[in-house]
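Subject: Structure handover

Hello,

Please find the structure below.

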Amino acid sequence: MDYHFDWSILIQEPYLGWLINGAWLTILLTLLSSIVSLAMGVGLAFLSLSRNPLYYQPARLYINITRNIPGIFWILFFFFVFPQILPSAAGNALNTSAYFPLIAGVIGLSVDNSPYVAEIIRSAVSAIPAGQWESAMACGLSPAQSWRTILLPQAFRVSAGPLGTRLIHNFKNTSLCMAIAVPELTWASRQVESLTFRGIEALTAATVFYLLLGLLLATLVNYMENRFDQAKSNVRS
Amino acid sequence: MNIDIFLQNIKLLLLGPFPDGQLGGLSLNLLVAAGALSLGFLLSLPLGLARKAQTRLLRWPATCLIEAVKAVPVLLLVFWAYLLLPLLFPTDLPPFISALMSFTVYSTVYLAETLRAGIDTIPATQRDAALASGMHYYQWQLHVCLPQAIRRMIPCYASFFISIFKDTSVLYIIGIMDILQYGLTMAESHPDRIMTIYGQMGLCLFVVCQTIGFIAAWLEKRFEMADCQMCRKVVGQRSTQKRSKATLLPSFQRFINKPTNQ
């Protein structure tokens, strides 16, 4: 194997700056897309739980379409096709904006993550016993009050674990944004590789970061799951 | 929009230049996914068993390998294979082989986790009964545990196939001529038709994934019914006099003591 290792490129100035910026941008992409997909997922979940077909049919259709098409397609779609769909003034403004790859990446990742979040929340809400809703009504609470004080906290306890797993999956999916030149960690490691030809070192740096942060997130999610575990909790159900 | 161009595009997206060149397009995605699933299933059996082994010597390296590969994005695994394989094997490998290798590693690890989940569903009483009947650990696994575990996890394998098929779409980044590569090249050379091209790509991907999804749902229902029937046969809803030994798994019959004639 005639490959000359040169680990010092990882500490040389432009390359180290790119890798660190890439790491921060990965974290930013994860946070933004998780928050947006959580908002979308909650809305979708409540739409798909409704009894009115005017509400749940579009929601089920959206969930089916976004779940069956890969995330990279959505990221490319929102970068290349979405400005063309909008009216030309808005489309031109988007295309020439400096932050457009980041925006398209966040929207693409959120659209990719949202059906899974919606399904998790829908099954969590369905798992609440029907007696809870009825007794809340019997106590005289309005629907908004009963959701806020009784039903949603229970739904959150059930869904916290799967949502954490989805967060980790979203974190790994941010590497797809390199396809539209968002300068996140995978893109930065490819840039370092194309300039220095030291691909293994650059890829090792990226892998180590994903490993460390991934294992940290997994530990946090595990802790949260144990904290919200129904079977071991002291609260009488 | 011209129907001829539409059909030409669809053929390119689905098969690539197939009769006049190498297979590409959606068929290449399916080929990589199916190949990775098959090879990964075979390799996941030893890895999954090592993950559940009783000695730390097997369990710790298996756990480290599984957690390490699970924490890394698929795209990074593809890049690793793309960089490492030409260094390890000096001959000129087609990028298809490095793609297949990376997805095989990915599916080995995830299928090993699925197998672990399957083994966890087998009650410990079966293990105790098997060991008490005089079986070794490997005999218990081979004849009792794994047949049940794998059968129960078949719907999970089907849904994993959907997931890995969607993940093979990232292969266009290393230059493999799959459906996204053809779609993006067409979109770049015909920017006025970009929406129809993306629509065709999305439609092909959606149809394939939804079809496999229906098959997975059917498998889940069928195995749910079959599991109940298997349970009924083994536990015996009919009276014990009528229950014949043939209802038990054939490989298990060797361990049943044949009644001696007094």
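Let's start where the two chains meet. The contact takes 34 residues from chain A and 31 residues from chain B. Contact here means heavy atoms within 4.5 Å.

Before going on, a word on the ground rules. This is a predicted model, where local features need pLDDT of at least 70, side-chain atom pairs count only at pLDDT 80 or more, and totals for chains, interfaces and linings use all residues. Residues are numbered from 1 along each chain as its sequence is written, chains are lettered from A and ligands numbered from 1 in the order in which they are written, and side-chain values use heavy atoms, with hydrogens and water left out.

**The interface**

Chain A and chain B bury about 3,100 Å² between them. Carbon and sulfur atoms give 77% of that area. Buried area is the accessible area (1.4 Å probe) that two parts lose on being put together, summed over both. Asn68(A), Phe73(A) and Lys172(A) supply 19% of the area that chain A buries against chain B, more than any other three residues.

What holds for charges here? A salt bridge is a side-chain nitrogen of Lys or Arg within 4 Å of a carboxyl oxygen of Asp or Glu. The rule does find 6 residue pairs in polar contact across this interface, both residues at pLDDT 80 or more. A polar contact is a pair of N or O atoms within 3.5 Å; within protein, one must be able to donate a hydrogen and the other to accept it, and residues adjacent in sequence count only if both atoms are side-chain atoms.

On the side of chain A that touches chain B, four helices each supply at least two residues: helix 2 (53-68), helix 3 (71-85), helix 8 (185-196) and helix 9 (199-227). Helix 9 of chain A gives the largest share, 9 residues. Helices (H or I, at least four residues) and strands (E, at least two) are DSSP runs, numbered from the N terminus.

**Chain A as a whole**

Chain A has 9 helices and 0 strands. Its C-alpha atoms fill a box of roughly 75 × 50 × 25 Å, taken along the principal axes. Of its 237 residues, 45% count as buried. Buried means under 20% relative accessible area, exposed over 50%, and partly exposed in between (1.4 Å probe, protein chains only). Among contacts in chain A between residues at least 6 apart in sequence, 75% join residues at least 24 apart.

Ala59(A) sits in helix 2 of chain A. It is buried, because its relative accessible area is 2%. Leaving out residues up to four places away in sequence, Ala59(A) touches Leu44(A), Leu47(A) and Ser48(A).

Thr174(A) lies in the loop between helix 7 (143-173) and helix 8 of chain A. Its relative accessible area is 0%, so Thr174(A) is buried. With residues up to four places away again not counted, its contacts include Thr26(A), Leu109(A) and Tyr210(A).

**A nonpolar patch**

Leu38(A), Val42(A), Phe46(A), Leu49(A) and Leu152(A) form a nonpolar patch on the surface. Together they have about 350 Å² of accessible area. Helix 1 (residues 13-49) of chain A gives the largest share, 4 residues. Phe46(A) counts as partly exposed because its relative accessibility is 31%. Patches are made of residues with over 30% relative accessible area and no salt bridge: like charges are joined within 9 Å, nonpolar side chains (Val, Leu, Ile, Met, Phe, Trp, Tyr) within 5 Å. Accessible areas come from the Shrake-Rupley method with a 1.4 Å probe; for residues, only the protein chains shown count as cover.

**Salt bridges**

The structure holds 9 salt bridges over all chains. Which residues does Glu113(B) pair with? One partner is Arg51(B), with the closest N and O atoms 3.9 Å apart. That pair links helix 5 (residues 95-121) and helix 2 (residues 25-51) of chain B, 62 residues apart. Another partner is Lys70(B), at 3.1 Å between the closest N and O atoms. Lys70(B) is in helix 3 (residues 56-71) of chain B, 43 residues from Glu113(B). Arg116(B) also forms a salt bridge with Glu113(B) (3.4 Å, N to O). Both of these lie in helix 5 of chain B, 3 residues apart, about one turn of the helix.

Best wishes
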